[in-house]
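Please open the structure in your viewer and keep the sequence panel beside it. The tour below moves from the whole chain to a few selections.

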Amino acid sequence: MKILKSLIIWICFIPAAILNGGLREYVLDPAIGQKWALPASGIILSGLIFLITWLMFPRLIKNSTRKERWLTGIVWTLLTVIFEFATGIPGGNSIAELLAAYNPLTGNLWLLVLATTLFSPVVAGDKYNTSNFGRTGYSIFSDTPLSNPYKARVGKNAISAGQPLNSPRERKICRTASGCCRHLPTP
């Protein structure tokens with residue numbers, strides 16, 4: 001399921017890349033010339049890829065491990081290269097023209113785009129820390145997993161790990177910055 005969700009995110013890169021190409025062709029080339037439009041376009045596309053990943057990855061793929069995020073980045077990078085050649089060759093580009101995009105001395109920052117594609121799932125997943133507190137049942141007070149992520153111990157009036165939240169001792173749920181729930185006694 002995580003692989004399918006990660007493919008949804010990767011597919012969102014395609015329209016972003018097409019729009020970026022149109023921006024380069026119709027806006028940047030006439031305004032600043034091809035010498036500067038090509039690197040600017042590479043930077044813009046890298047930013048778009050990172051932004052899409054930053055916004056979508058933690059929301060679609062929860063509780064991913066660092067290894068899974070690295071694997072996602074590698075798969076996305078390979079898919080991007082395959083897609084580039086699969087659409088470029090039938091589109092009339094030669095292999096030499098496609099390989100020229102990998103030379104940053106020509107002003108093309110395609111390698112930056114690929115690096116961003118590789119690293120963005122790792123960075124986005126680390127930022128939201130989807131495998132730590134709250135979502136997987138870790139207490140904000142220790143690294144010990146709880147038996148249930150919706151129950152936590154707080155001070156003298158603690159809810160025991162086995163006590164359900166819908167008991168007569170109703171509690172308020174307080175969301176902290178880390179996204180973890182603490183259950184405090186009602187006044």
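This is a predicted model: local features need pLDDT of at least 70, side-chain atom pairs count only at pLDDT 80 or more; totals for chains, interfaces and linings use all residues.

With a cartoon display, you can trace five helices and two strands, which follow one another along the sequence in the pattern α-α-α-α-α-β-β. Colouring by relative accessible area brings out the buried part, which amounts to 31% of the 187 residues, while the accessible surface comes to about 11300 Å², with 67% of that area belonging to carbon and sulfur atoms. Among contacts between residues at least 6 apart in sequence, 59% join residues at least 24 apart.

Next, select Ile9, Phe13, Phe57, Trp76 and Trp110, which touch the most other members of the largest nonpolar core, a set of 15 residues. The elements that give two or more residues to this core are H1, H2 and helix H5 (110-128). Then centre on Phe13 and show its surroundings: leaving aside residues up to four places away in sequence, Phe13 touches Ile49, Ile52, Thr53, Trp76 and Thr117.

Finally, turn to the surface and select Leu23, Tyr26, Val27 and Ile44, which form a nonpolar patch with about 380 Å² of accessible area together. Helix H1 (residues 2-32) gives the most to this patch, with three residues, whereas Ile44 lies in helix H2 (residues 34-60).

Notes: Residues are numbered from 1 along each chain as its sequence is written. Side-chain values use heavy atoms; hydrogens and water are left out. Patches are made of residues with over 30% relative accessible area and no salt bridge: like charges are joined within 9 Å, nonpolar side chains (Val, Leu, Ile, Met, Phe, Trp, Tyr) within 5 Å. Accessible areas come from the Shrake-Rupley method with a 1.4 Å probe; for residues, only the protein chains shown count as cover. A salt bridge is a side-chain nitrogen of Lys or Arg within 4 Å of a carboxyl oxygen of Asp or Glu. Helices (H or I, at least four residues) and strands (E, at least two) are DSSP runs, numbered from the N terminus. A nonpolar core is a set of buried Ala, Val, Leu, Ile, Met, Phe, Trp, Tyr and Cys residues joined through side-chain atoms within 4.5 Å. Buried means under 20% relative accessible area, exposed over 50%, partly exposed in between (1.4 Å probe, protein chains only). Contact means heavy atoms within 4.5 Å.
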